Every structure is written in structure tokens, then in C-alpha cells.
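Please look over the model below before reading my note. I have kept to a few points that you can check for yourself.

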Amino acid sequence: MSEFWQALAQGVLIGSTYGLLALGMGLVYGVSGIVNFAHGDFISLAMFMSLALFSAFALDPYVSAVITIPVMALIGGLVYRYLLRPMAGHQFLMIVQLTLGLSLVLQNGILMVFGGQPARTPSIVESKLIILGDVVLRLPHLIAFVVAFAMAIGLYVMLRSTDFGRSIRAVHQNARAAALMGVDVGRVQVVTFAIGVAILAVAAALLLPGTPITPTQGLQYTVITLLVVVLGGMTNFVSIMLSGLVIGISEAFGQIYVSDTLGRLVPYVIFVVIMLFRPQGLTWRTS
């Protein structure tokens with residue numbers, strides 16, 4: 001029974017971070033219709049920025065996030081403005097090819113600068129444990145859980161209660177009508193993409209403590225993110241966070257009850273089963 005509660009707790013904590021990764025993609029897709037296949041490589045870029053800052057100034061990943069988040073937001077805004085925006089509205093496969101090409105550029109750029117060996121960015125909290133009866137939690141996972149849900153709530157409030165949030169929702173519903181009502185659609189799309197990439201920088205800081213990183217890990221994060229957003233619905237924040245928890249919990253149970261290697265396939269099996277019986281995934285209508 002202790003293994004059950006351990007797997008459940010671990011899955012919830014990790015799944016919340018998966019949900020945060022997917023929120024970034026869902027936010028961007030909602031206003032631009034772009035599925036970014038370089039998503040995971042932006043996470044890798046933020047992680048290796050933190051590694052560089054640790055090597056140069058011995059900054060903890062949580063501290064270096066103060067630098068990486070605005071830098072990644074700027075990079076995201078520039079990438080969308082000068083690379084992706086001119087292609088918006090073209091055929092889906094053209095966007096896929098472009099973002100896959102961007103993925104290869106980022107991946108090989110990181111490989112050239114940092115080499116191909118796995119690296120780690122130490123943190124003062126990476127070895128801290130919280131013991132609750134028979135359940136042992138890593139403090140970095142708990143921090144990631146709290147921050148992920150706080151950011152999800154913050155994004156929800158921003159979309160519902162601010163002028164810019166209403167502009168995002170207007171562009172998502174009908175970009176042409178939003179433009180006729182005075183919304184600067186191009187600006188909204190650029191800023192939203194920048195916010196989406198900044199979210200990935202936050203997620204990178206949350207995932208870093210105690211996690212080996214490699215230049216080729218981006219594909220893994222992209223696949224997990226796509227799994228979550230398809231299961232949760234591309235633009236439904238509540239369903240996306242729930243789907244992140246489902247994927248995280250199924251992965252944790254698979255690794256504990258199956259094996260560390262084969263257990264990683266369990267989320268994909270769960271995904272297929274859910275989509276077979278509920279093609280709309282875990283999405284429901286929210287007011």
C-alpha cells in the first residue's frame with residue numbers, strides 16, 4: 001500500500017509540471033493555430049542557459065530563472081515575429097516543417113556549444129526530502145507542484161480578468177472580428193508566444209534540480225507535451241492540467257509496478273485507451 005501512495009504522490013507532483021509545459025503550447029495554439037514542434041527544445045535551451053549561469057556565477061537554477069525567463073520571453077517574441085508569423089495562415093505541414101527545422105537548429109546549436117555529454121545543474125534543494133508517513137517526497141517536486149498550479153491559476157485569472165487576457169480570448173475566437181474591434185492581433189500573437197516560451201523557462205527551472213540534461217532531450221518533452229494537450233484539449237486550461245496529472249500518475253505507477261523502462265510506455269497506453277472510448281479526450285465545456 002505504501003508503494004501505491006508513493007506512486008500517486010510522485011505522479012501528481014510530476015504531472016503538475018507536465019501540465020505547465022502543456023499550458024505554454026495550448027496558449028500559443030489558441031491565438032496563432034501553430035503547433036510548435038520545437039517546444040521541447042526551448043525547454044532544453046532554458047536548461048542549458050541555467051547550466052551556463054551556474055558554471056559562470058554558481059547560480060542556483062531557481063535564482064538563474066530570474067535571468068532565463070525574460071531572456072527566453074525575448075527569444076520567443078523574436079522567433080514568432082520574424083520566423084513564424086510570416087508563415088501563419090499557410091498550410092499546416094509548412095508550419096510543421098518550419099518548427100521541426102527550428103528544433104534541429106536549437107538542438108545542434110546546444111550540442112555545438114555544450115557538447116553531447118549529460119550534465120547537471122546542482123541546487124541547494126535537490127537532495128531535500130519531505131517524509132509523510134510512508135511517502136517520501138523530493139522538495140524540488142513539491143516546489144514544482146506549487147509553482148505550476150499557482151501559474152495555472154494566474155494565467156486563468158489573467159485571461160478572464162484583464163484587458164490583454166480578453167484580447168487573447170477574442171483573437172482565439174475570431175482573429176478577423178477581433179481586428180475589426182480594434183485589437184492589434186499581431187501584437188497579441190507575438191506577446192502570447194513570448195509568454196508561452198517564458199512559461200517553458202519556468203518549467204525548465206522546476207525540472208532542473210537533480211535532473212541530468214542532454215542536448216537531445218527536447219523531443220522527449222515535446223512528445224509528452226503533445227500527449228497532454230491532445231488528451232486535455234488544446235485550449236482548455238483546466239483539462240490540460242488534469243491531463244498532465246493523468247500522464248504523470250500513469251508514468252509513476254508504470255515505473256513502480258512495471259519497470260523503469262517499460263513503465264514509461266504506460267502513459268501512451270492510457271492515452272490510446274482514453275482516446276478510443278472518449279475521442280474528445282478529457283475536455284469539457286467550461287463557462
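Predicted model: local features only at pLDDT ≥ 70, side-chain atom pairs only at ≥ 80, totals over all residues.

1. Residues are numbered from 1 along each chain as its sequence is written, and side-chain values use heavy atoms, with hydrogens and water left out.

2. An unreviewed UniProt entry lists several stretches as "transmembrane region", among them residues 12-35 and 42-59; such annotations may be inferred rather than shown by experiment. Residues 12-35 are 88% helix and 0% strand, with 26 Å between the end C-alpha atoms, and residues 42-59 are 89% helix and 0% strand, with 20 Å between theirs. Helices here are DSSP runs of H or I with at least four residues, and strands are runs of E with at least two.

3. How many salt bridges does a search of the whole structure find? There are 2, where the term means a side-chain nitrogen of Lys or Arg within 4 Å of a carboxyl oxygen of Asp or Glu.

4. Arg120 is partly exposed, with 41% relative accessibility (buried is under 20% relative accessible area, exposed over 50%, and partly exposed in between, with a 1.4 Å probe and protein chains only).

5. Asp163 and Arg166 form another salt bridge, at 2.9 Å from N to O, and both residues lie in helix 6 (residues 163-173), 3 residues or about one turn apart. Asp163 is exposed at 59% relative accessibility, whereas Arg166 is partly exposed at 40%.
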